[in-house]
Amino acid sequence: MERLSNDEFAEMVFKRLKELALKCIPICDKLFNLTPSARNISRQLAKSSSSSAANYRAARRARSKNEFYSKLSIVIEELDETEFWLEFSLDAGYVSEIQVRNLIIEAQELLKILSKSRKTLNN
């Protein structure tokens, strides 16, 4: 397997984060129209999924290593929250496993990638 340059890697991660956020939109729309509780989950999921992509974009424009680390930490936090809301909506019975399984797996994979990247920054 060919090793990606830093720019190619960053672009791949950004595309995956953005795609995850876009794929959460139909879930958010479905939740929004169910119950008041589901509507709250919808808002939380929409915010966290889009925030992970937006903050990663901002991290790529960081002016220093410390700023990049800080922004990357926010991305990881928001991505973890996205995974939580997807799991929570499943546990609450608002969505089926088929609807969210691949989104949860993608969030977990991205969390592993980004957590390792952040850990590398400390070395």
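What does the side chain of Ser52 reach at 3.1 Å? It's the backbone oxygen of Ser49, and that counts as a polar contact, meaning a pair of N or O atoms within 3.5 Å; within protein, one must be able to donate a hydrogen and the other to accept it, and residues adjacent in sequence count only if both atoms are side-chain atoms. I'll come back to Ser52 in a moment.

First, some ground rules. This is a predicted model, where local features need pLDDT of at least 70 and side-chain atom pairs count only at pLDDT 80 or more, while totals for chains, interfaces and linings use all residues. Residues are numbered from 1 along each chain as its sequence is written, and side-chain values use heavy atoms, with hydrogens and water left out.

So how confident is the predictor? pLDDT is its confidence in each residue, from 0 to 100. The protein chain averages 92, and 98% of the residues score at least 70.

Okay, back to Ser52, which sits in helix H2. Ser52 counts as buried because its relative accessibility is 1%; buried means under 20% relative accessible area, exposed over 50%, and partly exposed in between, using a 1.4 Å probe and protein chains only. Which residues does Ser52 touch, leaving aside its neighbours within four places in sequence? Leu17, Val75, Glu78, Leu79 and Thr82, where contact means heavy atoms within 4.5 Å.

Let's zoom out to H2 itself. This helix has 25 residues and reaches 37 Å from its first C-alpha to its last, close to the 36 Å expected; the expected span is 1.5 Å times one less than the number of residues. Its buried residues include a run of serines, among them Ser42, Ser48, Ser49, Ser51 and Ser52, along with others such as Leu45, Asn55 and Tyr56. What covers the buried residues of H2 includes H1, H3 and H4.

Tyr56 is worth a stop. Beyond its neighbours within four places in sequence, Tyr56 is in contact with Ala10, Val13, Phe14, Leu17, Leu72, Val75 and Leu114. Tyr56 also turns up in the largest nonpolar core, which has 29 residues; Tyr56 is among those with the most contacts inside it, along with Leu17, Leu45, Leu79 and Leu114. A nonpolar core, by the way, is a set of buried Ala, Val, Leu, Ile, Met, Phe, Trp, Tyr and Cys residues joined through side-chain atoms within 4.5 Å. H1, H2, H3 and H4 each give two or more residues to this core, and H1 gives the largest share, nine residues.

Arg61 counts as exposed because its relative accessibility is 56%. Its side chain reaches back to the backbone oxygen of Arg57 at 3.2 Å.

Now for H3, residues 65-91. It has 27 residues and reaches 39 Å from first C-alpha to last, close to the 39 Å expected. Its buried residues include Leu72, Val75, Glu78, Leu79, Thr82 and Trp85, and what covers the buried residues of H3 includes helix H1 (6-32), helix H2 (36-60) and helix H4 (97-122). Leu72 is buried because its relative accessible area is 1%. Which residues is Leu72 in contact with, leaving aside those within four places in sequence? Tyr56, Ala59, Leu114, Ser117, Arg118 and Leu121.

Phe84, Trp85 and Phe88 form one aromatic cluster. Rings of Phe, Tyr and Trp (its six-membered ring) pair if their centres lie within 6.5 Å; planes under 30 degrees apart count as stacked, over 60 as edge-to-face and the rest as tilted. By this rule the count comes to three aromatic pairs. One of them, Phe84 with Trp85, is edge-to-face, at 4.9 Å centre to centre and 75 degrees between the planes. Trp85 is buried because its relative accessibility is 13%, whereas Phe84 at 39% is partly exposed. Just after H3, Gly93 takes a positive phi of about 85 degrees.

Last stop, helix H1, where you'll find Glu8. Its side chain reaches the backbone nitrogen of Ser5 at 2.8 Å. Glu8 is partly exposed, with a relative accessible area of 43%.

Methods:
Helices (H or I, at least four residues) and strands (E, at least two) are DSSP runs, numbered from the N terminus. pLDDT is the predictor's confidence in each residue, from 0 to 100.
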